[in-house]
Amino acid sequence: MKKNNNLRSLAAQLIERVVDKGESLSAILPAAQKALSDKDGALLQELCFGVMRTLPQLEALIGKLMERTLTGKQRVLHYLLMVGLYQLLYTRVPAHAALAETVAGAEVLKRANLKGLLNGVLRQFLRQQEALLAEVDQGTQRYWHPGWLLKRLQAAWPEQWQHIVEANNQRPPMWLRVNRQHHSRDAWLALLQAADKQAFPGDAPDALRLDSPAPVSHLPGFEHGWVTVQDLSAQRCALLLEPQNGESILDLCAAPGGKTTHILEIAPQAKVLAVDIDQQRLLRVHENLQRLDMQAEVRQGDGRTPAEWCGEMQFDRILLDAPCSATGVIRRHPDIKWLRRDRDIAELAILQREILEAIWPRLKSGGTMIYATCSILPEENHQQISTFLAAHSDAVAETLPQGQANGWQVFPTVDGGDGFFYAKLMKK
């Protein structure tokens, strides 16, 4: 990627890598932010995530404003135009500044000959904004989701799908988990309020939702492990697991370690093994353990082949945060909408089933397994657990709050947690 100080051109290059090359924004954005100030890094994130969120609308607007789409070597300017339109529609950047910086981005990208084109298109949008928006905000594109995903949501959740889509299109709230080993939730909230910030309790005992997102450096005691950034729905996993001191506990698919550390906050004397297939992401588990001054064994391994990383070990409790479509966390990772494909769902369901089958024998008789996903699709959730229960007479599903016997589906809500699914399986 070219080095430059123009955030708009940098955003356009990142967006091109996601949409045209299938790279994850969460994987490539941090490296781009490293060379930036906190303020510029935050703006770059806002531009990239914002364009990912509103992509169909921006695509339709460009289709109305231009006779031909920019392709080939000029393709990056198509995304630069999206960045310009997003600023004009959804940010507080003054129109003249958004226009000037976006047009200047063409020069940084060595496309100075097309500055006039960009300037003309963006100015035309400003003149015709109301009429253009009325035209493009029609049909399914107004939902800002790919057609295949809308069809799945409508089929699975005929009464809830519009609420799900609406929540997906919002900026995500910032949820925190107060470390009960240091402070009660109320005691830490008092420290936060003393720092002129406000937060609201959630329905998990350690959960607080910030009034507005803030850098972790502004959170009292973050560097000492007093608090962790973790969504409300993700916090329920360790709570439902109910870990006890002295138990042997497996956290499978553990990276980046939020649930591992939560288990140890609840049961600091538990013997926890954290396993993930991604060696690079396991670095985050080590970092989180270090920040919270906690001990767990961390190993790289594939959930389908436990003998390779734990021999014949068995566990009192297992938390399986299974690989999934991540359709419940779209508001947090809007590029998921454009990276996932319809065919992925069946492939993920097979992978989940293989992991479940491989890991179930590692649970002791009388033990507890939590199967969790950040998906809202039945194939990965209720259907997966129903199939598993039918094949395993030694498995019993505990009915969870507001859930069915084979699991509890949570939908994303504007001020609540992400979309999540939990099943609590007991072994006879």
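**Backbone exceptions and overall fold of the predicted model**

Cys253 is found in the loop between β5 and α11, and in this predicted model the residue has a positive phi of about 65° although it is not a glycine. With a relative accessible area of 18%, Cys253 falls under the 20% limit and therefore counts as buried. The loop between β5 (248-252) and α11 (258-266) also holds Pro256, which is joined to Ala255 by a cis peptide bond with omega of about 10°.

Trp144 is placed in the loop between α6 (115-136) and α7, and its relative accessible area of 14% makes Trp144 a buried residue. Helix α7, spanning residues 147-156, contains Leu149, which is buried with a relative accessible area of 2%. When its neighbours within four places in sequence are left aside, Leu149 is in contact with Thr327 and Ile330. Leu149 and Thr327 are separated by 178 residues in sequence, whereas their C-alpha atoms lie 8.9 Å apart in space.

Divided by class, the contact of α3 with α4 comprises 14 nonpolar, 5 polar and 3 charged residues.

At the level of the whole protein chain, 16 helices and 12 strands are present. The radius of gyration is 23 Å, close to the 22 Å that the globule rule gives for 428 residues, so the protein chain is as compact as a globular protein of that length. The C-alpha trace spans about 70 × 50 × 40 Å along its principal axes, and 55% of the 428 residues count as buried. Among contacts between residues at least 6 apart in sequence, 72% join residues at least 24 apart.

The UniProt record, an unreviewed entry, places the feature "domain: SAM-dependent MTase RsmB/NOP-type" at residues 164-428. Over residues 164-428, the chain is 31% helix and 23% strand, and the end C-alpha atoms are 37 Å apart.

Technical notes
Residues are numbered from 1 along each chain as its sequence is written. This is a predicted model: local features need pLDDT of at least 70, side-chain atom pairs count only at pLDDT 80 or more; totals for chains, interfaces and linings use all residues. Side-chain values use heavy atoms; hydrogens and water are left out. UniProt positions are given in the numbering used here, feature names are shortened, and annotations may be inferred rather than shown by experiment. Helices (H or I, at least four residues) and strands (E, at least two) are DSSP runs, numbered from the N terminus. Ala, Val, Leu, Ile, Met, Phe, Trp, Tyr, Cys and Pro count as nonpolar, Asp, Glu, Lys and Arg as charged, and the others, Gly among them, as polar. The radius of gyration is taken over C-alpha atoms; the globule rule is 2.2 Å times the number of residues to the power 0.38. Buried means under 20% relative accessible area, exposed over 50%, partly exposed in between (1.4 Å probe, protein chains only). Contact means heavy atoms within 4.5 Å.
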